[in-house]
Amino acid sequence: ERVIRENWGTRVGFILAAIGSAVGLGNIWRFPAVAYENGGGAFLVPYLVALVTAGIPLLIMEFTIGRRFKGSAPVAMRRLNKNAEFIGWWQVAISIVISVYYAVIIAWAAMYTIYSIGQTWGDAPDSFLFVDFLGAVNTDGTNVGTFEFGEWLPNLLLVLIAVWLVTLFVIGAGIRKGIENSAKIFIPLLVVMFGVLVVQALTLDGATAGLDAFFTPDWEALKDSGVWVAAYGQIFFSLSVGFGIMVTYASYLKRKSDITTSAFTVGFANSSFEVLAGFGVFSALGFMALQAGTPIDEQVTDGVGLAFVAFPTIVNTLPYAAGLFGVLFFASLTIAGFTSLISIIQVPVAAVEDRFGINRLKGTIFVGGGIALVSIILFPATNGLWLLDTADGFINRYGITVAALVSIVSVVWIAWKWGELRTDANRTSTYKVGFVWLACLGVITPVILGWMLVDNIRTTIENEAGVDRATLIYGWCVAGGALAFGILMALILRRKDVPELVDEAEV
Ligand code: PHE
Ligand code: NA
C-alpha cells in the first residue's frame with residue numbers, strides 16, 4: 001500500500017494557513033475580556049511570557065513532529081513511539097468535539113452579518129438573541145433544558161448546512177488548492193476588514209476612555225497566580241496547540257522547510273491580531289458606556305454576550321455607517337472562525353486518510369461528512385446553545401490542557417525525543433533551539449499545565465452546585481469520552497501497520 005501525500009505549495013502558504021487556524025473567535029471575543037479582567041495593560045507581561053515560554057516552544061515541537069514523522073496526529077505519534085498513538089486519536093476526538101459546535105457559532109456570525117444590514121435584532125438584541133434567534137430561553141426568562149430537544153431552528157439549520165458544505169469543499173479540494181488558497185484569500189481579507197473596523201471604532205466618542213480602561217495597568221494583578229493561569233490558558237487556546245492541528249498542518253511541509261522562524265511568525269501574528277482586537281473591542285465598549293451613561297466595567301463581557309449582544313447594541317447607536325460596522329464585525333468573525341474550522345476538521349479527516357490509506361475524497365465525504373451530520377442534527381435546535389456551552393467548557397478545561405500535558409510529557413520525558421526533535425528542527429532552521437527551548441518545553445510548560453488542571457478542577461467543583469446533574473454527567477462524558485476514544489482506537493490499531501506514506505515532493 002503506497003499513499004502519496006500532498007505538500008504545501010509555498011512557505012507563505014503554510015504560514016498563512018497556520019495563522020488562519022490560530023486567528024479565530026478566541027482572538028476577537030476572548031482575548032480583550034481576558035486581558036481586561038486580568039490586569040489590563042499589565043496583562044501583556046504574563047501574556048508575552050506565556051507566548052515565549054510555552055506557546056512558541058510548543059508550536060516548535062508540534063511543527064517538528066509533524067514534519068519529521070510525516071503524518072497526521074495518530075500516525076506521527078505512533079512513529080514517534082508505538083505506545084503514543086492514543087494521544088493522536090485523543091486529539092482527533094477533541095478536534096471532532098470542538099468542530100461540531102465551532103461550526104454553529106460561525107453559522108450564527110454569518111447570519112448576523114446579514115442581520116447587520118437591516119439591524120434585524122431590533123432594539124433589544126439581548127432577547128432577540130436568546131428568545132427569538134436561538135429559542136434557548138423561554139419568554140418567562142427560564143432556560144430551555146439542556147436535553148430538551150425542542151424545536152428546530154430552520155434558518156440556522158440551512159446556514160449551518162451551508163457552512164459545512166463550504167468547509168468540506170475546501171477540505172476536499174486538498175492542501176494546496178483548498179486550504180492554502182483559501183488562507184491566501186481569507187487572511188488578507190480578514191486583516192483589511194478588521195483593520196477598517198478598528199479604525200472606525202477608534203473614531204467613536206468614548207473610544208479613548210475605553211482604551212484607557214483597557215490598557216491602564218494594574219501591576220498588583222501580577223502577584224495573583226490566577227492572572228498567570230489566564231495568560232497561559234489564553235495562549236494555548238489561541239495558538240491552536242495541544243490538539244493535533246499544528247502537527248497535521250506541519251506534516252505537509254517539505255523536509256527542508258524552516259521550523260522556528262515559522263513558529264515565531266505564527267505566534268507573533270496571532271498575538272498582534274489579539275492586541276488589534278483589544279483596540280477595536282474596547283474603543284467600541286467605551287462608546288457604548290458613554291451612550292449608556294454607565295461605567296465601562298459594566299459593559300465588559302466575552303464570548304456570545306460580547307459578539308451577539310454588545311456589538312448589536314453598539315451598532316444600534318452608531319452615529320454613521322452602522323450597517324457597515326456590523327457587517328465588518330460579523331464578517332470578520334465568520335472568516336476568522338471559518339479558517340480555524342478548516343484546520344480542526346482536517347485533523348480527523350487526515351488521520352483516517354493516513355492511517356487507513358483512503359483517498360481524500362472518501363476521507364472528506366465519510367469522515368468530514370459524518371462529523372458535519374452530527375453537528376447539523378444536534379445543534380440547530382432550541383437547546384443547542386446549552387449543549388454547546390457545556391461541551392465547550394469541559395473540552396477546554398479537560399481536553400486541550402490535559403492532552404497537551406500528556407503529549408509533552410510523553411514526547412520529552414517518556415519517549416525522550418527532545419534531542420532528536422531539536423536536531424531535526426535545527427537542521428533546517430535559521431534560528432536554532434537548544435537548552436532554553438528544552439527548559440521551556442520540558443519543565444515550565446508542563447508545570448503550568450499541571451497547575452492549570454488543578455485550578456480547573458477547583459473551578460468545576462465550585463460551579464458544580466449551580467449545574468444540574470445530567471448536564472454535569474454529559475460534560476464529563478464529552479471530556480472523558482475523548483480520551484476513551486483515543487485509547488480504544490490505539491488498541492484496535494495496535495497490530496495494524498501504517499500504510500507507506502510518501503511525500504508528493506519526493507516522488
Ligand atoms: N485558535 C482559535 C482561536 O483563537 C481557536 C481554535 C480552537 C481553533 C480550536 C481551532 C481549533 O479562536
Ligand atoms: Na487565536
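Which residues in α2 meet which residues in α10?

**Ground rules**

I am reading a predicted model, where local features need pLDDT of at least 70, side-chain atom pairs count only at pLDDT 80 or more, and totals for chains, interfaces and linings use all residues. Residues are numbered from 1 along each chain as its sequence is written, while chains are lettered from A and ligands numbered from 1 in the order in which they are written.

**α2 against α10**

On the α2 side I found Gly26, Asn27, Arg30, Phe31 and Val34, and they meet Ala230, Gln234, Phe237 and Ser238 in α10. I call two residues in contact if their C-beta atoms, placed from the backbone, lie within 7 Å. By kind, the residues of this contact divide into 4 nonpolar, 4 polar and 1 charged. My sorting rule: Ala, Val, Leu, Ile, Met, Phe, Trp, Tyr, Cys and Pro are nonpolar, Asp, Glu, Lys and Arg are charged, and the others, Gly among them, are polar.

Next I looked up the geometry. The axes of α2 and α10 come within 11 Å and cross at roughly 175°. Axes here are lines fitted to C-alpha atoms, for helices over the stretch in contact, with angles from 0 to 180 degrees between N-to-C directions. The two helices, α2 and α10, are therefore roughly antiparallel to each other. For the wording, angles under 35 degrees are roughly parallel, over 145 roughly antiparallel, 65 to 115 roughly perpendicular, and the rest oblique.

**α2 against α12**

How far apart are the axes of α2 and α12? I noted 8 Å, with an angle of about 75° between α2 and helix α12, which covers residues 260-292. That makes α2 roughly perpendicular to α12. From α2, Asn27, Ile28, Phe31, Pro32 and Ala35 take part, and among their partners in α12 are Asn270, Phe273, Glu274 and Ala277.

**Around ligand 1**

There are 14 residues around ligand 1, and Gly24, Gly26, Ser238, Ser240 and Ser340 come nearest. A residue is near a molecule or strand if its C-beta atom, placed from the backbone, lies within 6 Å of it. Elements giving two or more residues to this shell are α1 (11-22), α2 (25-37), α10 (225-238) and α14 (322-356). The shell holds 6 nonpolar, 8 polar and no charged residues.

I stayed with Ser240 for a moment. I placed Ser240 in the loop between α10 and α11 (245-250). Its phi is positive, about 55°, although Ser240 is not a glycine. Most residues other than glycine have a negative phi. Is Ser240 buried or exposed? Ser240 is buried, with 28 other C-beta atoms within 10 Å. The cut-offs: buried means 20 or more other C-beta atoms within 10 Å of the residue's own, exposed means 12 or fewer, and partly exposed is in between, with C-beta atoms placed from the backbone.

**Another positive phi**

Gln119 has phi near 45°, again positive in a residue other than glycine. I found Gln119 in the loop between α5 (85-118) and α6 (125-133). With 17 C-beta neighbours inside 10 Å, Gln119 counts as partly exposed.

Thr364 sits in helix α15 (residues 360-378) and is buried, with 24 other C-beta atoms within 10 Å. Not counting residues up to four places away in sequence, Thr364 touches Leu168, Ile171, Gly172 and Val349.

Thr382 is in the loop between α15 and α16 (384-414). I counted Thr382 as partly exposed, with 19 other C-beta atoms within 10 Å. Leaving aside neighbours within four places in sequence, its contacts include Gly135, Ala136 and Val144.

Ile457 lies in helix α18 (residues 435-464) and is exposed, with 12 other C-beta atoms within 10 Å.

**The whole chain**

I ended with the totals: 19 helices and 2 strands. These are DSSP runs numbered from the N terminus, helices being H or I of at least four residues and strands E of at least two. The C-alpha trace spans about 65 × 50 × 45 Å along its principal axes. Buried residues make up 53% of the 507 residues.
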